[in-house]
Amino acid sequence: MISIENISKSFGKQEVLKNISVSMNSNECIALIGPNGSGKTTLIKSILGMVPLVTGQILIDNNSIIGSYQYRSLIGYMPQIGRYPDNMNIGQIIQLMKTIRGNHVITDESLIDDFNLRQIFEKKMSTLSGGTRQKVSACIAFLFNPKILILDEPTAGLDPLSSEILKNKILVEKGKGKLIIITSHVLSELEEMISRVIYMQDGHIRIDASINELLEQTGENRLGKIISKALN
Amino acid sequence: MRMTKYILTDILRNKTLIVYTFLLFLLSFSVFSLEDNPTKGVLSILNLLLIIVPLISSIFTTIYIYNSSEFIELLVSQPVKRSSIWISLYFGLGFSLSLAFIIGAGIITMIYQTDSTGILLIVSGVLLSLIFCSIAMLTTVYNRDKAKGIGASILTWLYFSLLFDGVLVFLLFQFSDYPIEKAMMAMSMLNPIDLARILILLKLDVSALMGYTGALFRTFFGNGYGQTISFLVLGIWSLIPFLISLHKFKHKDL
């Protein structure tokens, strides 16, 4: 579904992605992990076209993303930090997103109901807490029933209850055979969802294996331990 | 373009913009009630507008764009062209700043000076709002850091409203032995604030206040033609910086 071929990216002198090739398919739930500054976010941003490619290419459903924007209707993206215009309210943000995608698209508003956002649709974004803004970001990512979900630190800043609701939603979507890419630093909460681990370091992919392979190789059952053993 | 409506609903409720409108209203109202001669009123308003409008337009635009950076990133991740995001932002900001000027200063001006001079003053104000919005968008697209970007915006304002004239006078004295009139006129086209001043003063025909470049404009083009040229160049000024920023934004790493 997503096929990344030999992409490299530098910001000034700093090389952030070094000749990365990887392919990701539907029916996978991938944990994209690695230390700070390892290139995870840049990789995600390249897929989303937020960082234009200079070398290499990315194919989504066999079409190159270079020079195209329509392919992004296949993707739902939840950013790490959600900040919205201060004077819009939640309802307007969601309406704006619908307008961008074309109002005819069938939407999945279950998260809006699960998070009880409908009661506070009139609230201005500037008055919302970080966690509530995070919920809005999550709703937008899932709103258009996309085939690919890219979630950057989805549960950071959410209370345990909401975090659980979001995890359940991810599992439901995983069951529908979608491609889900999650980055997170909290490895324990990923364990129950993921089917494959991609570990990045210094712009390279160090580990790329299915969770079952890793379990067999290392004989451990906790993700944190699996990773540290696999790296040695 | 569909986004412009939503961006407008956000900006038009912005407190800074409302205070700016109110400030313009207060200033223009007091100026016209203090001056018994409306032409003098127009001149005083002109001097205010040449300082305040560029300053507020550029700083407001800069801060708004930096504060929206995460939202712009989210929009870029949606199936929409980058250029339409940037154009919507320019429309939203330019329209709101122009509207603030029209409501704040324009209405009062039209009450006291109901003629073509009044209209020209309002048009210049709107053009200056658009021009400095467009220059500020260029500044922000080249500066990733918010503090640097705001600093750069203030510097550009300072350059156009103060330093530029200094440079002009310096050149005038240095090269006073040469026929530099045409060069000087070309130079003044590089400064939208100067052009706006020339535009209004040519209309009012107050030679005493016109300054060196204004007088040149009058000698070379005559009042009418001089106005048309300065008007056209102002129009170009409201587009060029924006178009450069648009080109940069299309290829920018977000």
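User: The axes of α3(B) and helix α7 (residues 146–174) of chain B come within 10 Å and cross at roughly 165°. Why is α3(B) called roughly antiparallel to α7(B)?

Analyst: Angles under 35 degrees count as roughly parallel, over 145 as roughly antiparallel, 65 to 115 as roughly perpendicular and the rest as oblique. The angle here is roughly 165°, so α3(B) is roughly antiparallel to α7(B). Axes are lines fitted to C-alpha atoms, for helices over the stretch in contact, with angles from 0 to 180 degrees between N-to-C directions. The model is predicted: local features need pLDDT of at least 70 and side-chain atom pairs pLDDT 80 or more, while totals for chains, interfaces and linings use all residues. Residues are numbered from 1 along each chain as its sequence is written, and chains are lettered from A and ligands numbered from 1 in the order in which they are written.

User: Which residues make the contact of α3(B) with α7(B), and how do they divide by class?

Analyst: The α3(B) side includes B:Ile51, B:Pro54 and B:Leu55, and the α7(B) side includes B:Trp157 and B:Phe160. Two residues are in contact if their C-beta atoms, placed from the backbone, lie within 7 Å. The classes are 10 nonpolar, six polar and one charged (nonpolar: Ala, Val, Leu, Ile, Met, Phe, Trp, Tyr, Cys and Pro; charged: Asp, Glu, Lys and Arg; polar: the others, Gly among them).

User: What makes α3(B) roughly parallel to α6(B)?

Analyst: The axes of helix α3 (residues 38–67) and helix α6 (residues 116–142) of chain B come within 8 Å and cross at roughly 30°. That angle falls under the limit for roughly parallel, so α3(B) and α6(B) get that label. The crossing is right-handed. Among the residues in contact are B:Leu46 and B:Leu49 of α3(B) and B:Leu128 and B:Phe132 of α6(B). This contact has 15 nonpolar, nine polar and no charged residues.

User: What makes chain B as compact as a globular protein of that length?

Analyst: Chain B has 10 helices and zero strands (DSSP runs numbered from the N terminus: helices are H or I, at least four residues, and strands are E, at least two). Its radius of gyration is 19 Å, close to the 18 Å that the globule rule gives for 254 residues, so chain B is as compact as a globular protein of that length. The radius is taken over C-alpha atoms, and the rule is 2.2 Å times the number of residues to the power 0.38.

User: Why is chain A called as compact as a globular protein of that length?

Analyst: Chain A has seven helices and 10 strands. For its 232 residues the rule gives 17 Å, and the radius of gyration of 18 Å is close to that, so the description holds for chain A.

User: How do you know how confident the predictor is in chain A and chain B?

Analyst: From pLDDT, the predictor's confidence in each residue, from 0 to 100. Chain A has a mean of 88, with 100% of its residues at 70 or more. Chain B averages 89, and 98% of its residues score at least 70. For the complex the predictor gives an ipTM of 0.90 and a pTM of 0.91.

User: How many residues of chain B are in contact with chain A?

Analyst: 21 residues of chain B are in contact with 24 residues of chain A. On the chain B side, α1 (2–11) and α4 (69–76) each supply at least two residues. That side has eight nonpolar, six polar and seven charged residues.

Terms used:
A crossing is left-handed if the near helix is turned anticlockwise from the far one by less than a right angle, and right-handed if clockwise.
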